[in-house]
Amino acid sequence: MSEPKAAAESPARRRSPTRYLRIALLAGLLVLIVGGIYSATSMFWAVEGVRKDVDAATAAVKSGDMSGAADAVTQLAGSSTELADVTSSFTWSLASRLPVIGSTITGLNVMASAVASVASAAEPVLATIGGAGSTTERVAALGSSEPALVELGSAIDSASATVGALDPSELRFGLDEQA
């Protein structure tokens, strides 16, 4: 009689609750690591997109290609909004509370939101002058777009104040030079 009872309590049947807890913790840690890697990759590509779009918009304005500048600013509005969304996600909200890099993540989110705001406000202005062929036509087009210019000025003032409030000494990875 003692043998059937021993068989009933074999190691396969006696799974400890702590074993299940360890498995659950390891699975949770694995999900957290994979999610962190995905989120870091998303942020990297979003930052690269913003940099590329800023360079394209700057080059187009410097060369006088207002149609190209309008397209580049539209792309910049999208990429900077994407970066702001990525840096405000749950993972990055948690990371922003870390002691050394937290303020950098918060600063990146603030800067991305400011760029998105200015780029979105600049879209209608650049669209208005993008189709104009000469400087005279551009000035005339700007003269008729006062509400869009006021909105752009307001977005620039707000972005300047928001980014100006960041402490560059708390920013890392070259972000201090951008603030």
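Author: Contact here means heavy atoms within 4.5 Å, and the model we are reading is a predicted one.

Reader: Which residues does tryptophan 92 touch, not counting residues up to four places away in sequence?

Author: Tryptophan 92 belongs to the largest nonpolar core, where Trp92 is listed with Met43, Val73, Leu83 and Leu126 as touching the most other members. With residues up to four places away in sequence left out, the residues that tryptophan 92 touches are Ser39, Ala40, Met43, Val86, Thr87 and Ile105.

Reader: Which element gives the most to the largest nonpolar core?

Author: This core has 31 residues, and the elements that give two or more residues to it are H2, H3, helix H4 (90-95), H5 and helix H7 (146-164). With ten residues, the element that gives the most to this core is H3.

Reader: Which element gives the most to the lining of the second largest pocket?

Author: The second largest pocket holds about 260 Å³ of space, and helix H2 (17-63), helix H3 (66-87) and helix H5 (102-130) each give two or more residues to its lining. With five residues, the element that gives the most is H5.

Reader: How many residues of that lining are nonpolar, polar and charged?

Author: The lining includes Val54, Thr58, Met66, Leu76 and Val118. Divided by type, the lining residues are eleven nonpolar, one polar and no charged.

How values were computed:
Residues numbered from 1 in each chain as written. Predicted model: local features only at pLDDT ≥ 70, side-chain atom pairs only at ≥ 80, totals over all residues. Heavy atoms only, no water. 1 Å grid on protein atoms, 1.4 Å probe; cavity = no way out; pocket = protein on both sides within 12 Å on 5 of 7 lines; lining within 4 Å. Points joined across faces, edges and corners; volume = space filled by probe spheres on them. Helix = DSSP H or I, 4+ residues; strand = E, 2+ residues; numbered from the N terminus. Nonpolar A, V, L, I, M, F, W, Y, C, P; charged D, E, K, R; others polar. Core = buried A, V, L, I, M, F, W, Y, C linked by side-chain atoms within 4.5 Å. Buried < 20%, exposed > 50% of the residue type's maximum accessible area, 1.4 Å probe, protein only.
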